[in-house]
Amino acid sequence: MQLVGPTSLTPEERTRFDRDGYLFPKKVFDTTEAEMYLRLFMDYYSENEERLSVLPPKEKYQVLAETHFVLPWVYEIVSHLKVLDAVECLLGPDLLVWATDWFVKMPGEKTYVGMHQDGTYWNMRPANVVTAWVALSASTPANGGMRVIPGTHRQPVLPQRETYAPDSALSRGQEIDVDIDEKQAVDIALLPGEMSLHHIWIVHGSHPNASSTPRIGIAIRFLTPDVVQDSPGRPLAMLVRGRDDYGNFELLQPPSSLSARNQAAIINRIHASVMGSAKK
Ligand SMILES: O=C(O)CCC(=O)C(=O)O
């Protein structure tokens with residue numbers, strides 16, 4: 001990946017991202033901001049708890065996806081200056097948000113994410129795609145924090161199988177179909193308000209939450225406008241910095257400018273688009 005952009009990542013950090021395929025921790029929210037967004041998330045979660053609690057993990061995660069298109073406070077997170085400055089260091093000045101996923105594991109929940117490579121399902125070229133994973137609670141090995149295998153984004157793509165395991169958060173229970181040396185895995189431990197960055201081809205996953213504390217964070221999928229996604233129809237995205245001279249994605253406006261009626265229509269289109277693009 002070409003090294004560009006402002007100085008919120010040091011040259012050493014950029015080199016590390018290129019070498020390892022991930023980087024952490026980067027502080028993006030102060031304590032007040034982190035607490036405010038956690039409260040907003042918990043309110044949103046509580047409002048929807050009745051319908052979420054009866055869903056299997058993969059459906060729950062789908063319901064919680066793409067909220068940046070409709071909830072102004074989630075849009076605030078994905079367009080936060082500190083998040084964008086760091087991502088710009090890796091991807092350059094023109095940034096689209098293609099998707100978001102809340103990775104929520106309440107205490108004792110068995111939900112896990114098998115080791116996988118995002119690039120396998122996303123059908124995107126070139127690989128100018130970075131996930132910013134922003135923690136609103138602490139994310140630790142005990143509560144099901146993310147784990148990565150360093151350097152795997154530079155190796156040949158690994159085969160993956162679809163297990164449809166009921167506790168997998170991924171839509172088809174995807175996981176890598178060869179032995180992974182778990183001893184190589186690095187735990188991405190984050191405090192509230194910190195984020196990690198990871199490459200579209202890094203091998204990563206997470207265990208269930210075996211602790212008594214919730215684990216809550218949002219994965220924001222950034223890409224550059226020249227990226228093309230092989231998908232039926234034109235995928236949706238949002239321009240959060242710079243300009244888009246390519247038109248490969250249909251750009252939606254930030255949620256504050258949508259009327260309530262339009263929001264319902266947008267949600268239907270987002271779900272159709274996301275299902276069609278075989279996102280995990
Ligand atoms: O945070 C997790 O539990 C898994 C995250 C993940 O798979 C991703 O961000 O792509």
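This briefing describes a protein chain with its ligand, moving from the overall fold to the ligand shell and its strands. The model is predicted. The protein chain has 280 residues, of which 43% count as buried. It contains seven helices and 15 strands.

**Overall fold**
- Among contacts between residues at least 6 apart in sequence, 84% join residues at least 24 apart.

**Ligand shell**
- The ligand is surrounded by Phe-103, Val-113, Asp-118, Thr-131, Trp-133, Met-146, His-204, Ser-206 and Ala-219.
- Two or more residues of this shell come from each of β5 (129-135) and β11 (203-206).

**Strand β11 and its partners**
- Strand β11 is covered on both faces, with Val-203 and Gly-205 buried on one side and His-204 and Ser-206 buried on the other.
- Strand β3 (residues 113-116) pairs with β11 in the antiparallel sense over two bridges, and Val-113 has Ser-206 as its bridge partner there.
- Strand β6 (residues 146-149) also runs antiparallel to β11, to which four bridges join it; Met-146 stands opposite Ser-206.
- Val-113, Met-146 and Ser-206 are also among the residues that surround the ligand.

**Helix α5**
- Helix α5 (residues 81-91) is mostly covered, as eight of its 11 residues are buried.
- The buried residues of α5 are Val-83, Leu-84 and Ala-86, together with Val-87, Glu-88, Cys-89, Leu-90 and Leu-91.
- Gly-92 follows α5 and has a positive phi, near 100°.

Conventions
Residues are numbered from 1 along each chain as its sequence is written. This is a predicted model: local features need pLDDT of at least 70, side-chain atom pairs count only at pLDDT 80 or more; totals for chains, interfaces and linings use all residues. A residue is near a molecule or strand if its C-beta atom, placed from the backbone, lies within 6 Å of it. A residue is buried if 20 or more other C-beta atoms lie within 10 Å of its own, exposed if 12 or fewer, and partly exposed in between; C-beta atoms are placed from the backbone. Two residues are in contact if their C-beta atoms, placed from the backbone, lie within 7 Å. Two strands pair if DSSP finds at least two bridges between them.
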